Each structure stands twice: as C-alpha cells, then as structure tokens.
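Q: Hi! Could you walk me through this protein? I'm new to reading structures.

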Amino acid sequence: MNRRLGIAYIVVALVLAACAQINPLTGGVKDQYAPKIDSSGTYPLSGQTNFQSDKIVIKFQEYIKLNNPNDNIIVTPQLTNKPEVTVKNKKLTLQFTEELKANTTYTISFNHAVADITEKNDSIFQFVFSTGNFIDSLAYSGRVIDAFTNKPQEGYLVGLYDVNTATEFDSIPFKDRPVYIAQTGANGNFKMNYLKGGDYFLFAIDDENKNLKLDPIENR
C-alpha cells in the first residue's frame, strides 16, 4: 500500500467516526412549575359567593396526583367530617359529606397536596368560596416563639377557638377542634385569611399526629 492510499484510508476512517457520533436526545426544558388551575373546567371559581352545591371540582392544566390529602388539604371553618377527595386525570373533586353552614366563607388550603405526575412539582395555595353574599375579609397574623429559648417554632398548629364553647378554658385545645387554623413557617410566622368577625381563643400546639387536638404527649 503506498503512502497516498494510506492517507485516504485514514481520512475515510475519520469521516465515518464523525458520522457515527450521535448526540443524546433530550425531552426539552424541565418542568419546574406547580400545576395551574384551569378556570374553564373549575366550579366554583375561587372567590365565588352564594355557593349551594355539595361538591367542588378544580381542573388543572396538566395531569395531577394527590400527596397525603388527609393531612395536606384543610377546610376552614372546620367540618365535622372531612370531604372525600378524588383525582381523575386533570380534575380534583371534593365531595362534602355534610351540609355546609349558611352565610359562611370557607377556605380550602392545599399544602403540597397537589403535584404533577411527571416532575412531582407541588404548591401551596388557597381556594375560597362563600355560601352567603360576600367573602369574609378579616385576617390575623403572628409569630410563635418558645418562651424559654426565644427560638421560633416551625410546624406548629395555630388555632382560633369558639369562645362560646362549653369546655373549660384549660381543656379547650385537648377537647375542641379549632374553627380556623394555620401552620407556622420556618421563622415561626403564621397568617389566617378570610376570617369571620367575632371573638376567639387562640392556642398554638405541636400537633404531631395531625388530629387537630392537643394530646398529653404533645406540647402546648
């Protein structure tokens, strides 16, 4: 084989190697956003008044799944029985198993309860409606700090309780469920929205078992 022919073989080999190189396929830009509500298939819309149905249907713009709905979906004011929560494709349905109170503003808090099925992105959002003519607009905020260490308390349940309860004051968080609830963040802060005007007792508890009551082994 002469020198010129050898060079030709080398050039062909390099061309074939370059042609055989395949770049890996990608699925496009990664979805980093939580599911968004599609108002066209949602009833009622958040903020609606004079709600008379026994169920709520929330449609999202993508397929979804639930994440621990018993703990992460909270309705306030508190219901005696939790609603039945189901998901089919892009729709989430809450079926109430008891009659809602008249002229009452209800808030449904979704705390990482709804996630997309691909990247598992979730979110925190509130859905509000009223069985009356208006939405209650009062709010209450504060911060929970340990009295001994002066450190903020994260993950504490903060509850507003009916002052007309027949339960003795010291036993309220042990026996009664709060009317309105919120959870403290990393800095100990909390906020409750859409409250009805009135007088309430307030307690902050470390509700480890998520039963909305203070058990003897938990901290007040």
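This is a predicted model: local features need pLDDT of at least 70, side-chain atom pairs count only at pLDDT 80 or more; totals for chains, interfaces and linings use all residues.

A: Happy to. Residues are numbered from 1 along each chain as its sequence is written, and side-chain values use heavy atoms, with hydrogens and water left out.

Q: Where is the place of Thr42?

A: Thr42 sits in the loop between helix 1 (3-20) and strand 1 (55-59). Helices (H or I, at least four residues) and strands (E, at least two) are DSSP runs, numbered from the N terminus.

Q: Is Thr42 buried or exposed?

A: Thr42 counts as buried because its relative accessible area is 8%. Buried means under 20%, exposed over 50%, and partly exposed in between, using a 1.4 Å probe and protein chains only.

Q: And what is Thr42 in contact with, leaving aside neighbours within four places in sequence?

A: That list is Ile37, Val57, Ile58, Lys59 and Phe127. Contact means heavy atoms within 4.5 Å.

Q: New topic: how many helices and strands are in the protein?

A: There are 3 helices and 12 strands. Of the 220 residues, 34% are buried.

Q: What lines the largest pocket?

A: Its lining has 39 residues, and Asp71, Ile74, Ser109, Asn111 and Ile181 lie nearest the centre. A pocket is an open set of points on a 1 Å grid over the protein atoms alone where a 1.4 Å probe fits, with protein on both sides within 12 Å along at least five of seven lines; lining residues have an atom within 4 Å of a point.

Q: Which strand gives the most to that lining?

A: Strand 11, with 5 residues.

Q: How do the lining residues divide?

A: For the largest pocket, 18 are nonpolar, 15 polar and 6 charged. Ala, Val, Leu, Ile, Met, Phe, Trp, Tyr, Cys and Pro count as nonpolar, Asp, Glu, Lys and Arg as charged, and the others, Gly among them, as polar.

Q: What about the second largest pocket, which residues lie nearest its centre?

A: Those are Pro77, Gln78, Lys101, Asp162 and Val179, out of 20 lining residues. This lining has 9 nonpolar, 4 polar and 7 charged residues.
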